[in-house]
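Please work through the exercises below with the sequence and the model at hand. Each task is followed by a worked solution.

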Amino acid sequence: MAGAPDLLFALRNNFYIGAFQAAINNGDVQNLSEEDAIERDCLIYRSYIALGSYQLVINEVDSSAATPLQAVKLLALYLLSTDNKETVISSIREWLSDSAIGNNPILRLIAGIIFLHEQDYNEALKYTNAGGTMELNALNVQIFLKMHRSDYAEKQLRVMQQIDEDHTLTQLATAWLNLAVGGSKIQEAYLIFQDFSEKYQMTSLILNGKAVCCMHMGNFDEAESFLLEALNKDAKDPETLANLVVCSLHLGKPSSRFLSQLKLSHPEHMLIKRASTAEENFDRAVQTV
């Protein structure tokens, strides 16, 4: 219905900027079509997943739920334990090959997120590249940036700008691309996060965005203050902890506390894997001396 108010706008926006608890608290949107009600539930359950409440989602989504909700449950299972990875990946491949549900945008989005976690970028793009929603387009930008293909990311961003230049995800994707390109673009990325922090509630995502821009510009003291504020909001946020490790090293401060916290809450994090590889290489070098 043209001109009808978008009842899910606030919920979507809270989710996009990382205000997950606000999304949950204000998620009880009524008078929705069946399709919109499913989208509402997906956003609320994905907010719980973002807060680490995987088991709650697994318990609440039963086998009779709609395909998008089943997909969200798969993401919760995948993130809950590495033991579930193979089962989840084989289930998602099976569903994607089913002509009746394989093209569902939420299913394709979740597949993209899971394969992005797996660092299997070509596999992720197989399901996300066709786009279809702003979230799928934004995920494509992320995947291309992980592949160090800012040229493809820029093409995808242009698609988003043509759809809605002011959309929160378009703005976020612009900031990600600017950070990847670097140079004078860092200041432009900072202004996007600054604009978010004036318009919306301050979240770890916004604070990390500002902090990363500051680090790129060499302002590590300012970056540290944003990151400590983010840590107060969520002591287990992996990006905050990883950025604090990097920031502390540049400031000549001990980083072991943040590294330990990251290892406890996110043992699979790239920074932990790199640190343990470095340790193993060092041990091996010592033994051969």
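This is a predicted model: local features need pLDDT of at least 70, side-chain atom pairs count only at pLDDT 80 or more; totals for chains, interfaces and linings use all residues.

**Exercise 1.** Determine how many residues of helix H1 are buried, and identify the helices against which they pack.

*Solution.* Next, name them: Leu11, Arg12, Asn13, Asn14, Phe15 and Tyr16. Then look for their partners, which are helix H2 (20-25), helix H3 (34-50), helix H9 (134-146), helix H11 (168-181) and helix H13 (204-216). Finally, inspect what follows H1: glycine 18 has a positive phi, near 85 degrees.

**Exercise 2.** Identify the residues of the largest nonpolar core that touch the most other members.

*Solution.* The core holds 90 residues, and those touching the most other members are Val72, Ile92, Ile110 and Ile114. Helix H7 (residues 105-117) gives the most to this core, contributing 9 residues. Now take isoleucine 110 and set aside its neighbours within four places in sequence: the contacts that remain are Ala71, Val72, Leu75 and Ile92.

**Exercise 3.** Decide whether H9 and H11 are roughly parallel or roughly antiparallel, and describe their contact.

*Solution.* The two axes come within 10 Å and cross at roughly 5 degrees. Angles under 35 degrees count as roughly parallel, and H9 and H11 are therefore roughly parallel to each other. On the H9 side, the contact is made by Met134, Glu135, Ala138, Val141, Gln142 and Leu145. H11 supplies Leu169, Thr170, Ala173, Trp176, Leu177 and Ala180. Sorting the residues of this contact by type gives 9 nonpolar, 2 polar and 1 charged.

Key
Residues are numbered from 1 along each chain as its sequence is written. Side-chain values use heavy atoms; hydrogens and water are left out. Buried means under 20% relative accessible area, exposed over 50%, partly exposed in between (1.4 Å probe, protein chains only). Helices (H or I, at least four residues) and strands (E, at least two) are DSSP runs, numbered from the N terminus. Contact means heavy atoms within 4.5 Å. A nonpolar core is a set of buried Ala, Val, Leu, Ile, Met, Phe, Trp, Tyr and Cys residues joined through side-chain atoms within 4.5 Å. Axes are lines fitted to C-alpha atoms, for helices over the stretch in contact, and angles run from 0 to 180 degrees between N-to-C directions. Angles under 35 degrees count as roughly parallel, over 145 as roughly antiparallel, 65 to 115 as roughly perpendicular and the rest as oblique. Ala, Val, Leu, Ile, Met, Phe, Trp, Tyr, Cys and Pro count as nonpolar, Asp, Glu, Lys and Arg as charged, and the others, Gly among them, as polar.
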